[in-house]
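Please keep the sequence and the structure in view while reading.

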Amino acid sequence: MIVDRIENLEKYFALNPLFKHVADFLSANDMNALSTGIHHIKSDDVFVNIQEAKGKTKDEAVVEYHRKMVDIQIPFSGDETYGYIPTADLPEADFDVEKDVALLPGVASQSFVTCNPGMFVIFFPQDGHAPFITDSPILRKAIFKIKA
């Protein structure tokens with residue numbers, strides 16, 4: 001997991017060259033003006049899902065993880081806290097190969113980190129995460145999905 005400010009995203013291009021497509025998309029688009037839903041950037045290798053969802057408490061948030069995709073998550077309308085737990089510490093779970101996700105309700109995160117608008121968090125396949133923890137009644141955010 002990496003947490004940083006958006007202006008520093010280019011420092012992480014060496015980790016995955018597809019991250020540059022995310023930075024280019026952010027520079028070329030008004031993220032608040034994008035409609036909710038999926039916007040393809042580079043076929044299925046890089047896309048963004050603009051979401052608006054009800055905020056959750058730490059107890060309500062569901063831990064998830066992915067195997068094929070990296071998440072770069074960016075909150076826009078308010079602060080967002082993310083639960084974190086390494087996938088190595090997670091119990092066995094049904095994995096939806098088509099959606100590239102396993103959901104583990106009832107599993108507690110080991111730690112938490114908060115991002116403000118202007119920041120991002122990167123979750124790699126080894127990072128279990130519980131998103132949408134916020135006091136905001138509705139949180140608007142971008143979830144970039146990048147092929148690992």
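Two strands are said to pair if DSSP finds at least two bridges between them. With that in mind, we can turn to strand β11 of this predicted model, which covers residues 138-147. Q73 stands opposite I143 in β11, and I143 is also the bridge partner in β11 of N49. The two pairings of β11 are set out below.

| Strand paired with β11 | Residues | Sense | Bridges |
|---|---|---|---|
| β3 | 46-54 | antiparallel | nine bridges |
| β5 | 69-75 | antiparallel | seven bridges |

Is strand β11 largely enclosed or open to the outside? Residues count as buried when their relative accessible area is under 20%, and because eight of the 10 residues of β11 are buried, the strand is largely enclosed by the rest of the structure.

The packing of nonpolar residues comes next. The largest nonpolar core has 24 residues, and M31, I72, F144 and I146 are those with the most contacts inside it. The elements that give two or more residues to this core are α1 (19-28), β3, β5, β9 (119-123) and β11, and α1 gives the most, with five residues. Leaving aside residues up to four places away in sequence, I146 touches N16, L18, F19, V22, D45, V46, K68, M69, V70 and I72.

Note on methods
Residues numbered from 1 in each chain as written. Predicted model: local features only at pLDDT ≥ 70, side-chain atom pairs only at ≥ 80, totals over all residues. Heavy atoms only, no water. Buried < 20%, exposed > 50% of the residue type's maximum accessible area, 1.4 Å probe, protein only. Helix = DSSP H or I, 4+ residues; strand = E, 2+ residues; numbered from the N terminus. Core = buried A, V, L, I, M, F, W, Y, C linked by side-chain atoms within 4.5 Å. Contact = heavy atoms within 4.5 Å.
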